[in-house]
Amino acid sequence: MTLADNSIALHEVRKTFGDNLVVPGITAEIDGGKFTVILGPSGCGKSTLLNMIAGLESVTSGTIRIGAREVQDLAPKERGCAMVFQNYALYPHMTVRNNIGYALKVAGVPKRERCERIKASAESVGLHGLLDRRPSELSGGQRQRVAVARAIVREPSVLLYDEPLSNLDAKLRQGMRMELTRLHERIGATSVFVTHDQVEAMTLADRIMLLNNGEIEQYAAPSDLYENPATTFVATFIGAPAMNLLNAEGDGSGIRLPNGTLLATMPFRGPVTLGIRPESIEIVPDGIPCRNVYSEDLGSHSIIVAEVADGQKLHVATPLCRRMTPGETFSVRFVEDAARLFDPTSGKRLQST
Amino acid sequence: MRSRLVLVAGAARIASMTRGFYTGRLSYWSLVLPILVLIVMFFYIPVALAFFWSFFLERPFGGGSEFVGFQNYGRVLSDPEFWNAMWRTLIFMVVAPGLAIGLSLILALAADRSIRISQAARNIIIWPKAVAGASIGVVFVFIFNPFLGIFAPLNEISPGIWNPRIDGADAFITVVIAQIWNGIPFNFIILLSGLQAIPDMLAKAAAMDGSGPWRRIVDLQLPLLTPQLFLTFVLEFVGTVVEAFGLIDTMTEGGPGGATNLLIYKIYVDGFKAYDLSGAATQTALLMMFVIVMVILQFRLERFVKYER
């Protein structure tokens, strides 16, 4: 099976619950064999979209293709997808072995082959010697491994993850991120991963589909999303702290604050929202005057919250680890090719730099 | 009997949950004492007296009694009418709970899948719980009346095919149906709540694993419902032995020809109508032992119950 066979094509996929429009119509192509993350705030319709791909939720209208097949009217088992759930959803009355092997049992795989595949699948996620335990006897991380093993045992062409790491603690989560990336490289299934955590999205994804209110805000590679956000929503959703957005005015040669302070030299005329990442702001002896409001020293770098002339807030990330006293004044400079301009009313990106 | 079992099961759960919540022996005792007094007065003392009387020959209208050892037991156990009643009780104990739980399970599975009108059905099915056993009996006598009831058309086709007043089998069926009707609401609630406690995610996971709705019932829902099934099983089993009394008394009075004379009703007739107090006490003791053995056997089944969640 070539990779292109496992691509997922969504065409005008819509979902309504009663009068409530959850997904107003998504058209997108999810690349076969790649790791795609669907990212968005809670309630943006990302889990609904995943469930529609899986077949756990019906589509109101539109088509879903997996490879060459149109699947939106097929039962989940006919779509060749496997899924890892947020709260693991392990069968509590079955041993780990039977949990992993249930899909094979339903499919009527002979017992001998079943045993071998269960063992191989369990070992590939690092479950040793736990096959005869019950889920209630396992830790959260172990349960997550069982859930992953259960999903990959059928060698699915599409692997769906519904916020699988959000029940784990921070340290475990990082380890699992690494393992999931390795697993993906090894089995090469088309992976679709739903999360609200931008760190997971940035680290795992080949491509991120950022949803807001059921619509795609931007669908691009993580670095693209970070550096060239298509809208102010993307700019503020990705990155911690988020991209700074300043209301400013272009006079044809530069972007200035209402009081006339020059922020960046860009040939633009009219009201504009200027976006700049905190780490693209440098503290310099002579530049845009700022007044410190609050600062955090994180060891590796510090975050300074400052106010510019007209009271707009600015987050500055600086490798100079020093704590500033509130009220202290300093000046900054924007790294100019990192500044992005947005339309102040629509929030859309204005120019491509 | 039923309420006592519920109490014991409930008490065990609560004890593990709230250990250390109450301080001081006094508060423990003051909480437990009222129910303890009731259980002792209306359960342990009568049972103890029944065992005691079963070794004496009692006079029907009071006065002295005579110790007779195991003679009462000899008399009762050699009476074919006792064995008939015992046998009927056993059949009743298997048929009525089996159907009452089976039908409740089907209804609960359907209601849980939220098929059409299941919302309304959930409420309606529970209503019969509010009707007393004796009232159910009166209503069912009318419903199964050979000339006016629902089976009257059968008698028009072939006269005499349905008449619970003279046909023992028909009478037995009528009592069984009434008992099942009486048992469904409670079982339905227990089983439905058990089904709804199974996380939705499990059904979705099983669907992703390729398991269809019917297969999910067998592989997922029934195993996870075993605690509730076991509870209804124990309660129904014991309940049929004692609760059928109200139905039999209003519907058939044990007849026709003793066809519906279950042990619990026979004891009542022997003791309070025929004034054979010793015989009734002996049969009570035997019934008691029979129920205890049954319950012990049932609890051996508990190792198949899956409590993991």
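Biologist: Is F172(B) buried or exposed?
Modeller: F172(B) is buried, at 16% relative accessible area. Buried is under 20%, exposed over 50%, partly exposed in between (1.4 Å probe, protein chains only). This is a predicted model: local features need pLDDT of at least 70, side-chain atom pairs count only at pLDDT 80 or more, and totals for chains, interfaces and linings use all residues. Residues are numbered from 1 along each chain as written, chains are lettered from A and ligands numbered from 1 in written order, and side-chain values use heavy atoms, without hydrogens and water.

Biologist: How many aromatic pairs are there over all chains?
Modeller: The whole-structure search gives 20. Rings of Phe, Tyr and Trp (its six-membered ring) pair if their centres lie within 6.5 Å; planes under 30 degrees apart are stacked, over 60 edge-to-face, the rest tilted. One of them is F82(B) with W83(B), edge-to-face, 5.2 Å centre to centre and 80° between the planes.

Biologist: Which of those is buried?
Modeller: F82(B) is buried, at 2% relative accessibility. W83(B) is partly exposed, at 44%.

Biologist: And what does F172(B) pair with?
Modeller: F92(B), edge-to-face, 6.0 Å centre to centre and 80° between the planes. The pair links distant parts of chain B: F92(B) is in helix α4 (residues 80-112), F172(B) in helix α8 (residues 168-196), 80 residues apart. Helices (H or I, at least four residues) are DSSP runs numbered from the N terminus. F92(B) is buried too, at 1%.

Biologist: Switching topic. Which ring does the charged end of R207(A) sit over?
Modeller: Y219(A), 3.8 Å from the ring centre. The rule is NZ of Lys or CZ of Arg within 6 Å of the ring centre and within 35 degrees of the ring normal.

Note on methods: Helix = DSSP H or I, 4+ residues; strand = E, 2+ residues; numbered from the N terminus.
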